Amino acid sequence: ETTRVAFFGLGHMGGPMALNLHRAGLAVRGFDPSEAACSAARGAGLPVAASAEEVLADAQVVISMLPASRHVERLYLGDDDAPGLLNRLPPGTLILDCSTIAPASAQRVAQAAAARGLAMLDAPVSGGVAGAQAGTLTFIVGGDAAALERARPVLQCMGKHIFHMGRNGAGQVAKLCNNMALGVIMAVTAEALALGAAHGLDPKALSQMMAVSTGRSWATEVCNPWPGVLEAAPATRGYQGGFANDLMLKDLGLAVEAGLNVGAITPLGELARNLYALNSAAGRGGLDFSSVLQLLRRGSP
Ligand code: NAD
């Protein structure tokens, strides 16, 4: 029997993810309040519903890919204006939230779901828009192991790797740990390249040396922040595409907040959060986060 999926959030990530489920033969219907997101998804061949009610009809699995915690809480728990989905779904419905949100928020919604007999997993992703399109995302999952076994065939239509990190919220914590490390590593790589360049070194030669030395990382080898060092890096095309500075800023804010909740010590995460905030204030919020180099490079505007 075909699995019936209701997919909420057809943005940069959700649109291609829903399309991969549709192509895999699942009965998917999408919904998004943004008319632009709906028409892009429809144009790509995805069945799109006109209302949240319509998208829910008979759904066995509900997936959400929304911007932030408040959108996820509003969708599932509701607010003064509208009831949340949890009140409308029949018991046994499986809920997968793939958005990157606060771990505490993921736990709150999952607890409310459990109280209604609904299994819910946090399943944030890594891999970006390219991974969403290619169906090669990594899913970083928190929640019940039995629910994950039900979710696995669905997740496998959209991704390549699935990591079960622990109970509800653990997927979000793990995702934030990865992105905090990434944000710090990118900023310090930019700082190192700017230091070398200020001494007259060629950033490309410096990067090539670092890429096979102990300072190597994804930031030196794949997404090098210095324009022209790597052909395929966002830096070389004016920092277009890639992972937006403001999404990194959001994730670092969530990481710092998650740290405060348990008394963790995150000095570099906090410093990096401020660097990406400065980069955003300088007008580069929509550019790839490797544009943080422009804050540190001598002679930059
Ligand atoms: P996006 O803004 O492109 O898409 C989000 C969509 O959700 C929008 O189209 C919005 O209209 C829709 N939406 C809001 N409320 C809704 C509701 N109640 N019902 C249905 N749809 C609703 O964002 P995105 O880039 O697709 O990112 C989504 C999530 O994935 C974010 O949490 C982000 O941090 C995370 N993420 C993004 C990337 C990336 O590279 N873009 C990578 C990994 C993780």
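1. On a 1 Å grid over the protein atoms alone, a cavity is a set of points where a 1.4 Å probe fits but cannot get out, and lining residues have an atom within 4 Å of a point. The model discussed here is predicted: local features need pLDDT of at least 70, side-chain atom pairs count only at pLDDT 80 or more, and totals for chains, interfaces and linings use all residues. Residues are numbered from 1 along each chain as its sequence is written, and side-chain values use heavy atoms, with hydrogens and water left out.

2. The count comes to one cavity of 30 Å³ or more. The largest cavity has a volume of about 40 Å³, where a volume is the space filled by probe spheres set on the points, and grid points are joined across faces, edges and corners.

3. The lining of the largest cavity is made up of Val72, Asp97, Ile101, Ala106, Val109, Ala110, Met120, Leu121, Asp122 and Asn168. By class, this lining holds seven nonpolar, one polar and two charged residues; Ala, Val, Leu, Ile, Met, Phe, Trp, Tyr, Cys and Pro count as nonpolar, Asp, Glu, Lys and Arg as charged, and the others, Gly among them, as polar. At least two lining residues come from each of H5 and strand S5 (119-122). Helices (H or I, at least four residues) and strands (E, at least two) are DSSP runs, numbered from the N terminus.

4. Helix H4 (residues 69-77) and helix H5 (residues 103-115) have axes that come within 10 Å and cross at roughly 5°. That makes H4 roughly parallel to H5. Axes are lines fitted to C-alpha atoms, for helices over the stretch in contact, and angles run from 0 to 180 degrees between N-to-C directions; angles under 35 degrees count as roughly parallel, over 145 as roughly antiparallel, 65 to 115 as roughly perpendicular and the rest as oblique.

5. Which residues of H4 and H5 meet? Ser69, Glu73, Tyr76 and Leu77 in H4 meet Ser105, Arg108, Val109 and Ala112 in H5. Contact means heavy atoms within 4.5 Å. The residues of this contact divide into four nonpolar, two polar and two charged.

6. The chain is divided into domain 1 (4-167) and domain 2 (173-296), with bounds that come from an automatic or database domain assignment. The domain centres, taken over C-alpha atoms, are separated by 29 Å. In domain 1, 13 residues are in contact with 10 residues of domain 2.

7. Val184 lies in helix H8. Leaving aside neighbours within four places in sequence, Val184 is in contact with Leu268, Gly269 and Ala272. The C-alpha atoms of Val184 and Cys38 are separated by 36 Å, and the two residues are 146 residues apart along the chain.

Methods
1 Å grid on protein atoms, 1.4 Å probe; cavity = no way out; pocket = protein on both sides within 12 Å on 5 of 7 lines; lining within 4 Å.
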